[in-house]
Amino acid sequence: MKRIVLILLFVFILVVARVMIPNEESCLSLAFDDGYESHYFVVNSLLDERNFSATFFVFPETVNEWNGRSLMNASQIWDLSRDYEIGSHTMTHPYLNELSDSEIEFELASSKKLLSEIIGKEIEVVAFPYGRYDERVLNISRKYYLLARSLFSESDDFLISGFALENDTPVEDVCEMIDDAILEKDNLVLVFHDVTEMPSQWDTSVEDFEKILDCVESSKIKIKTFGECSLGN
Ligand SMILES: [Zn+2]
C-alpha cells in the first residue's frame, strides 16, 4: 500500500513538473558548413562580439583548399571547438546517397574519429553534404551520431532540416523566419556557407551576415548549438 502511494506521489510530481516547466521555447541554431577559413577569421569574431553559440560542420579531408577557397586547418578547427560545437560534414563531401554501403560507413565513421581526435571531444552531430541522404545513409548515421542534419526536408527526432541561405536571400525574409519560429514555438536551423565579400550562390556577404546577426539579437530568440537546440538541452 505504502509503495502504491509512493508511486502515485512520484507520478504526481512528474506531471506537475511537466506542467510547471513547459519545454515550449523555440531556439535558433546557426550552422556553418564546409569549414571555410572565413569561419575562423570573420564569423568567429562576429559571433563572439554577440556571445552567440554556433555549430561548424567540417569535412576533415587532408586538403586546405576546396573549389579554390581556403579551408580551416586542424589547429583552427581545434581553436573553434573551445567555444563552439563541431559537427561532421563527412570525410570528403560526397553525395552520400550515391555511395556504396561501405563507402557511406567510411565517410561517417572516419570523419567522426578524425574530428574527435582533432578536438579531443566526441563528435555527436553530422550534416549531410548537399542535404542528400537515403534510408541506408540514415541507418548508418544512427550508429555514430545523435543527430543528423539535412536541408529543406522534413524533420523528425533524428533528422533535422536546416534552411540554407543563398546570396540573394533577403535579410528581411530571414528576420521574418526567426519571428515566425518564435511565434510558432518552432526550432530553426539557419545554414550558412562562406561568409565573404564576394559571395557565390550559397554564400552570404559579410554585410548581410551582420544584418542577420543584428536581427537575431533583437529577436531575443534563444541561440543554441545544433545539438543543444535539436536535442532540447
Ligand atoms: Zn557542404
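This note covers strand pairing and helix packing in a predicted model.

1. Strand β7 (residues 147-151) and strand β8 (residues 159-164) are paired in the parallel sense, and 4 bridges link them. Within this pairing, S150 of the model stands opposite S161 in β8.

2. Strand β8 is also joined to strand β9 (residues 188-192), by 2 bridges, and these two strands run parallel. Here A164 has V191 of β9 as its bridge partner. Helix α6 (residues 171-184) belongs with these strands: β8, α6 and β9 form a β-α-β unit that is right-handed.

3. Helix α6 packs on helix α7, with an angle of about 25° and axes 9 Å apart. Angles under 35 degrees count as roughly parallel, so α6 is roughly parallel to α7. Their crossing is right-handed. On the α6 side the contact is made by V171, V174, C175, I178, D179 and I182, and on the α7 side by D208, K211, I212, C215, V216 and S219. Sorted by class, the contact of α6 with α7 holds 8 nonpolar, 1 polar and 3 charged residues.

4. Helix α7 (residues 206-219) also meets helix α2 (residues 37-50): the two axes come within 11 Å and cross at roughly 25°. Helices α2 and α7 are therefore roughly parallel to each other. The crossing of α2 and α7 is right-handed. Helix α2 contributes V42, L46 and R50 to the contact, while α7 contributes V206, F209, E210, L213 and E217. By class, the contact of α2 with α7 consists of 5 nonpolar and 3 charged residues, with no polar ones.

5. A further helix pair is α4 (residues 101-119) with α5 (residues 135-144), whose axes come within 10 Å and cross at roughly 30°. That angle makes α4 roughly parallel to α5. The crossing of α4 and α5 is right-handed. The residues in contact are D101, I104, E105, L108, A109 and K112 from α4, and R136, V137, I140, S141 and Y144 from α5. The class count for the contact of α4 with α5 is 6 nonpolar, 1 polar and 4 charged residues.

6. On the form of the description: two packed helices are described by the angle between their axes and the distance between the axes. For α6 and α7 these are about 25° and 9 Å. For α2 and α7 they are roughly 25° and within 11 Å, and for α4 and α5 roughly 30° and within 10 Å.

Definitions and conventions
Residues are numbered from 1 along each chain as its sequence is written. This is a predicted model: local features need pLDDT of at least 70, side-chain atom pairs count only at pLDDT 80 or more; totals for chains, interfaces and linings use all residues. Axes are lines fitted to C-alpha atoms, for helices over the stretch in contact, and angles run from 0 to 180 degrees between N-to-C directions. Angles under 35 degrees count as roughly parallel, over 145 as roughly antiparallel, 65 to 115 as roughly perpendicular and the rest as oblique. A crossing is left-handed if the near helix is turned anticlockwise from the far one by less than a right angle, and right-handed if clockwise. Two residues are in contact if their C-beta atoms, placed from the backbone, lie within 7 Å. Ala, Val, Leu, Ile, Met, Phe, Trp, Tyr, Cys and Pro count as nonpolar, Asp, Glu, Lys and Arg as charged, and the others, Gly among them, as polar. Two strands pair if DSSP finds at least two bridges between them. A crossover is right-handed if, with the strands pointing away from the viewer, the path from the first strand over the helix to the second runs clockwise.
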